[in-house]
Amino acid sequence: MPDGKPQSSEQEYFAREEAEKLKKLALERAHRLEEEEKQKLKELHYMHCPKCGQNMDVLTFRNVEIDRCFACGYTGLDDGELEILAGEEKEGVMSAVLDIFTGGKKK
């Protein structure tokens, strides 16, 4: 094999097998690095306010966990939580929710 090319079908088979193994390992390594990067980003940003970057606190209102930043007043709801709160809406529920976050102050 002076020029680096396989000389028989057996050698070609093993060369393809080796190339497939290397490709699979490279894909696994890339996936692992991607997952590690996602984890680092989550650790950096999880439960931090998207407006001011301060830590957010969790309040429970009507069995819904609401994310609240007391530094700037940002309120966040996870997917489906607004629908849960709105679905339970009765007379004054939304005003009660607003009272929690505004301290009863009207704008």
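**Fold and local contacts of the predicted chain**

Along the sequence, the chain runs in the pattern α-β-β-β-α-α. The model is a predicted one. Three helices and three strands make up its secondary structure. Of the 107 residues in the chain, 13% count as buried. The accessible surface comes to about 8900 Å². Carbon and sulfur atoms account for 53% of that surface. Contacts were also sorted by separation along the sequence. Among those between residues at least 6 apart, 17% join residues at least 24 apart.

Helix α1 covers residues 9-45 and has 37 residues. From its first C-alpha to its last, α1 reaches 54 Å. This is close to the 54 Å expected at 1.5 Å a residue. Met-47 follows α1 and has a positive phi, near 60°.

Two side-chain arrangements involve aromatic rings. The structure holds one aromatic pair. Tyr-13 and Phe-14 form this pair, with their rings edge-to-face. An angle over 60 degrees counts as edge-to-face. Tyr-13 has a relative accessible area of 42%. Tyr-13 is therefore partly exposed, because that class lies between the 20% limit for buried and the 50% limit for exposed. Phe-14 has a relative accessible area of 51%. Phe-14 therefore counts as exposed, because exposed means over 50%. Lys-42 lies over the face of Tyr-46, at 5.4 Å from the ring centre.

The strands form an open sheet of three, in the order β1-β2-β3, with antiparallel pairing. Strands β1 and β3 are the edge strands, and each pairs on one side only. In general, strands of a sheet pair through backbone hydrogen bonds, in a parallel or an antiparallel sense.

Strand β1 spans residues 57-61 and pairs with β2 in the antiparallel sense over five bridges. Asp-57 has Arg-68 of β2 as its bridge partner. Phe-61 stands opposite Val-64, also in β2. The two strands form a hairpin, with two residues between them. Arg-62 lies in the turn and has a positive phi of about 50°.

On the other pairing, β2 meets strand β3, residues 75-76. This pairing is antiparallel as well, over two bridges. Arg-68 has Thr-75 of β3 as its bridge partner. Asp-67 stands opposite Gly-76 in β3. The hairpin of β2 and β3 has six residues between the strands. In this hairpin, Gly-73 takes a positive phi near 95°.

Strand β2 covers residues 64-68, and four of its five residues are buried. The strand is therefore largely enclosed by the rest of the structure. For a residue, buried means under 20% relative accessible area.

Key. Residues numbered from 1 in each chain as written. Predicted model: local features only at pLDDT ≥ 70, side-chain atom pairs only at ≥ 80, totals over all residues. Heavy atoms only, no water. Buried < 20%, exposed > 50% of the residue type's maximum accessible area, 1.4 Å probe, protein only. Pairing = 2+ DSSP bridges. Phe/Tyr/Trp six-rings, centres within 6.5 Å; stacked < 30°, edge-to-face > 60°. Lys NZ or Arg CZ within 6 Å of the ring centre and 35° of its normal. Contact = heavy atoms within 4.5 Å. Areas by Shrake-Rupley, 256 points an atom, 1.4 Å probe, with all protein chains shown as cover. Expected span 1.5 Å × (residues − 1).
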